[in-house]
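Hi everyone, thanks for making the time. I'd like to walk you through one model today, piece by piece, so please have a look at it first.

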Number of protein chains: 2
Amino acid sequence: MPSWALGIDLGGTNIKIAVVDELKGILFEDTQPTDAAAGPEGVVRQLAFMADAIYQRAAEALDTGFFAGIGLGAPGAVDAEKGTLSYPPNLPGWGRYDLRDQLQMRLEQAHGLRSVVIIENDANAAAYGEAIFGGGNAFRDFMLVTLGTGVGGGIILDRKLYRGPSGTAGEIGFMIIDFEGESVHAGIRGTIEGLIGKERIVELACSPEMGASRSPRLNELCSRDFSHLSPRHLEQAAKEGDAAALRTWERIGAILGVGLANITALMDIRKFVIGGGISAAGELIFKPAMMQLHRSTLPSMHDGLEIVPARLGNKAGIYGAAALCFNAAQSSNRDD
Amino acid sequence: MPSWALGIDLGGTNIKIAVVDELKGILFEDTQPTDAAAGPEGVVRQLAFMADAIYQRAAEALDTGFFAGIGLGAPGAVDAEKGTLSYPPNLPGWGRYDLRDQLQMRLEQAHGLRSVVIIENDANAAAYGEAIFGGGNAFRDFMLVTLGTGVGGGIILDRKLYRGPSGTAGEIGFMIIDFEGESVHAGIRGTIEGLIGKERIVELACSPEMGASRSPRLNELCSRDFSHLSPRHLEQAAKEGDAAALRTWERIGAILGVGLANITALMDIRKFVIGGGISAAGELIFKPAMMQLHRSTLPSMHDGLEIVPARLGNKAGIYGAAALCFNAAQSSNRDD
């Protein structure tokens, strides 16, 4: 019998939760606005309530003997071993908090539900989700790179999550590729996120070099107000053949490709799964990224280079959080 | 009783070999010019001859029951699992060669010596040597960065060598930090090796920005012929307070620091052991590198950052190759 688990994505805006079957994926799910104002204790109450409700619903259809536990992905610094979450962005007033143990206790005391609880950084959970259920499934080693408001990622080595010694690995957004360049982001010069984070993409398009303002189609799409220009407009225009939009995506892809080349040089990772809202532009980014990746690596490193799209969208974190429980359940089975 | 092993460093110019005791380090050693003209079979004959000779000498003093094997570090792409060495630079005509099995066979057939043989890339072997016997001994996770003609490195995670999926990990020299810069090295723009490889250091010093030609002391040291200026001269002048030389080392350190910051962001590695001939400049490089490493990383990544000198010089590879045998011997003991 396949296991099943609960996967939770704790965000500053919403809490998403789902019942995930090891083979069939998400069976049912629920979303609620995060009661962030209630502080950590309030959020734990909310999490326990949501988890118990969806667990009871699942228990009517599934064998509870195969329940593997509850996995939770959260933003910020997670110490997976100690079960703590520190200073999550968008969750004010949390500090460093014993999220795992508090949730586990609340579930048992208020709802009578005894469960393994695993917590993980959300980018890592998403990478693990793509590894088990998504675009990285065919790869033993890969990096998930998410292109969105920020640029982030998670690393899978030998089908396991690589967290790094203190759990902060995978911050490709803070990789520097233009150390004397003009862009400064979060106080650091020339980082990938400072070059192709969501807001920079529109800025880039509007630069004289890319020339969005000279494009009739882009003028039309943003109603001549370039403060309303969005990556979606750039995607649409590029697909219609607009030169300024095409140039912009080529540039974004090339910058991404330089970052990927550095990962290949340093870690010998040659498979990249690209997710996040901006990655909807697909081949507009992937093609120039792949060309640049080849140009920016030694020929001896070209074997096996691949860039593929992520497949789980914003559900990667839920999938991954649940999948971490399957893994833990299997490990403990092996110990028996 | 501590184990002992043979460590070999196979270079294009010399073969260095040593008897390494698990606790006492190198007991005795030998060096011979590599008979590169004899091709792979000839070199294997030479390696087997040297290994047997030093083994016989060791066997008079040590208990052969604690002999752990022969470890060999070689330049180029090593497949440690298959035991092959591919296209080693400075060893013409090798192609892809079954070095491990050939050496093992030759040792047994020509010398009656049965031994485990392990081969490893030389930069990886050096990193492992520093991990077990040298500057990385206190660190669970670190990267060895060697500054020399080239810039290379090896990565230790959880006290084990991180080779990467195809064995090419650790190429910090090919990390790009100035993707639109002027320097192009091995066809790639803006790499660390292209910026601070040995030859670039002198070029950098002579740039108008650094101003070596305006320094009386540097003029004196190279007898007014800047084609004879060496990193050693720059080190000496800087230690005497020469402004151009100091500026040059500061710049080199800062560039190194940017590279280290990228390693911290991506892999969460926060300990760096710096070796190679250029690292003799010591604090002249380490101090600006550390300052830049702080400037180029998020405050949340500053905990535990350290830069320390390597301690084994050009013997790191011999130490590491031998140490890989201790490790293998321990693993097989555990299997018994």
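One caution before we use that: what you are looking at is a predicted model.

So, buried or exposed: which is Ser223 of chain A? Ser223(A) has 9 other C-beta atoms within 10 Å, so it is exposed. You will find Ser223(A) in the loop between α6 and α7 of chain A.

Asp158(A) sits in the loop that links β10 (151-157) to β11 (160-162) of chain A. With 8 other C-beta atoms within 10 Å, Asp158(A) counts as exposed.

In α7 of chain A, residues 231-239, the buried residues are Pro231(A), His233(A), Leu234(A), Ala237(A) and Ala238(A). Why do they line one face of the helix? Looking down the axis of α7(A), the buried residues fall within an arc of 155°, so one face of the helix is what they line. Just past the end of α7(A), Gly241(A) adopts a positive phi of about 95°.

On to the sheets. Chain A has an open, mixed sheet of five strands, ordered β3-β2-β1-β4-β8. Its edges are β3 (25-33) and β8 (117-121) of chain A, each pairing on one side only. From one strand to the next, the twist averages 20°. Within this sheet, β1 (residues 4-10) and β4 (residues 67-74) of chain A run parallel and are joined by six bridges. For example, Gly7(A) has Gly71(A) in β4(A) as its bridge partner.

Two helices to point out here. Helix α1 (residues 39-59) of chain A packs on the sheet and touches β1, β2 (14-21), β3 and β4 of chain A, with its direction at about 30° to that of β2(A). Helix α2 (residues 99-111) of chain A also packs on the sheet, touching β4 and β8 of chain A, and its direction makes about 145° with that of β8(A).

For the next sheet, let me switch to chain B. Three strands form an open antiparallel sheet there, in the order β5-β6-β7. In it, β6 (residues 84-86) of chain B is joined to β7(B) by two bridges, and Leu85(B) has Tyr97(B) as its bridge partner in β7(B).

Finally, how do the chains meet? The contact takes 33 residues from chain A and 34 residues from chain B. On the chain A side, α8(A) gives the largest share, seven residues. By class, that side has 20 nonpolar, six polar and seven charged residues.

A rotation of 180°, with 0.0 Å of shift along its axis, superposes chain A on chain B with an RMSD of 0.0 Å. That is the relation of a two-fold axis. And since 100% of the interface residues of chain A are also interface residues in chain B, the copies meet through the same surface.

That's my tour, and I'm happy to go back to any view.

Note on methods
Residues numbered from 1 in each chain as written. Chains lettered and ligands numbered in written order. Predicted model: local features only at pLDDT ≥ 70, side-chain atom pairs only at ≥ 80, totals over all residues. Buried ≥ 20, exposed ≤ 12 C-beta atoms within 10 Å, placed from the backbone. Helix = DSSP H or I, 4+ residues; strand = E, 2+ residues; numbered from the N terminus. Arc of directions from axis to C-beta. Contact = placed C-beta atoms within 7 Å. Nonpolar A, V, L, I, M, F, W, Y, C, P; charged D, E, K, R; others polar. Least-squares fit on C-alpha atoms with pLDDT ≥ 70 in both. Pairing = 2+ DSSP bridges. Axes fitted to C-alpha atoms, helices over the stretch in contact; angles between N-to-C directions.
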